[in-house]
Amino acid sequence: MSSGSPRIWVEINDFMRMFDWAITPTGIGRVQMEIVLRLAVNHPDRVALCRIGRTVDEITVIEPDRIRRLIEQNSFPSAGSPAKLAMIRLRQTLRVLERRARARLMPDDPTAFARQVARGDILVNFGASWEHRQYGAKIRELKRRHGIRFALLVHDVLPISHPEFVSPPHLPNFMKWFLEMGRTWDIVLTPSVASAEAVGRALVEHGMTIPPIRPIPFGAGFKAYPSARAAAPVSGRPYVLFVSTIEIRKNHILMVRIWEELLRRHGAAAVPALVFVGKFGWEIDGLKQHLAATENLGGKIVIANTLSDAEVAKAYDNCLFTVFPSFCEGWGLPVTESLAHGKLCVASNVTSIPEAGGRFADYFDPNDFESALGLVERAIFDETYRASREFEIRSAFVRQSWDDCAKAVIEILTREASQVRVTSLDDDCSIPERTVSPRYPGQA
């Protein structure tokens, strides 16, 4: 470890649990897949991995090779048919049982973390820690015992800022988690300036202190494990791509309405297919009913729920362009992923999405049907325009790497932690009553 620099402990319990059940990873899971391993492998002198269990006495120190093997063994192949999906589920179950049996035979050393952690170290979580019971209480106890600082990547606060677009059962749990984290963290990371400002507003609204809130530069695109059998989701005909969980917030219904109008204006032979790549989410009963009643607009809407990483990459490479009409985001991964493949994205102009696309995407108000229709129609039928935009993307778009992201995390945490008082072992780490700080996201 570098002299005078605190060790950064990455807590990965929810990340490791993802491999027990996920057929395809969520956006948060993908971000963790990219950041966690790069931090551990590229910065071994500064970074260590750990996993908090049921109590703070059950903390496992995780070797990076273990994470690398976990990712490589679970490269999220296409589920395909129901029979193949059942086989994948069976393999997942067997792997979980095998790991549990191995853990009983060769249990991890529960004292390793306590021996290695040092006063002033930083513990950081990049995932969905609201799924971990009593997470805040455990972090505060670790701060009290070991004198460490705690940092958290907040991907978004949409359940607070845009509750109408979030699954209702998730709202109270997220609010409880957010308020608890707001009384626990020392440093907040976000994927965008828009998200940083949203976190700050939420804290002010609830009378809480604003800590240092720092955006980090997410990478553009994800590693696609090669597959000779990877095929595009539509064969032999042009298509437009929409990569996202199929849920109310992502605004799929707008694209369906646009395709209906395109078919009315131009006829089925002239209109490309629209491919939805993503799992079904929540609050979309009306969308499903409409698609069923119209037989997916006569086959013009194609739904691909379980593509492999390689197949998603192929889908980007072979599409005409992409669309992303979401009502709100913490970042906008499909936008940068589209640009990383050299493809124009026609996207909504709200929250963080313009940060993700910069000048390389075409933007519309997600509530403005005519504006969105005009941009989509131009991208389909004006081949010269589309080619010029692709040339601009391929010539000038600078693809941010996940290695750069990991390096930025190290620099930001080191700098900000130096300004944070280290908890004393004698400090009362119960939840304090805090007042609003005059600092605001983005201020030094």
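## Helix packing and a buried serine

The chain holds 18 helices and 13 strands, taken as DSSP runs (helices H or I, at least four residues; strands E, at least two) numbered from the N terminus. The model is predicted: local features need pLDDT of at least 70, side-chain atom pairs need 80 or more, and totals for chains, interfaces and linings use all residues. Residues are numbered from 1 along each chain, and side-chain values use heavy atoms, without hydrogens or water.

Of the 444 residues, 54% are buried, meaning under 20% relative accessible area with a 1.4 Å probe, protein chains only. Among contacts (heavy atoms within 4.5 Å) with a separation of 6 or more, 78% join residues 24 or more positions apart.

**Helix pair**

Helices H10 and H16 pack at about 60 degrees, with axes 10 Å apart. That makes H10 oblique to H16. The crossing of H10 past H16 is right-handed.

| Helix | Residues | Contact residues include |
|---|---|---|
| H10 | 252-266 | Leu254, Ile258, Trp259, Leu262 |
| H16 | 369-381 | Phe369, Leu373, Val376, Ile380 |

By class, the contact of H10 with H16 has 11 nonpolar, one polar and five charged residues.

**Ser192**

Where is Ser192 found? Ser192 lies in the loop between strand E6 (187-190) and helix H9 (193-205). Its relative accessibility is 1%, so Ser192 counts as buried. The Ser192 side chain reaches the backbone oxygen of Gly330 at 2.8 Å. Leaving out residues up to four places away in sequence, Ser192 touches Pro215, Gly330, Trp331, Ser352 and Glu355.

Notes
Axes are lines fitted to C-alpha atoms, for helices over the stretch in contact, and angles run from 0 to 180 degrees between N-to-C directions. Angles under 35 degrees count as roughly parallel, over 145 as roughly antiparallel, 65 to 115 as roughly perpendicular and the rest as oblique. A crossing is left-handed if the near helix is turned anticlockwise from the far one by less than a right angle, and right-handed if clockwise. Ala, Val, Leu, Ile, Met, Phe, Trp, Tyr, Cys and Pro count as nonpolar, Asp, Glu, Lys and Arg as charged, and the others, Gly among them, as polar. Buried means under 20% relative accessible area, exposed over 50%, partly exposed in between (1.4 Å probe, protein chains only). A polar contact is a pair of N or O atoms within 3.5 Å; within protein, one must be able to donate a hydrogen and the other to accept it, and residues adjacent in sequence count only if both atoms are side-chain atoms.
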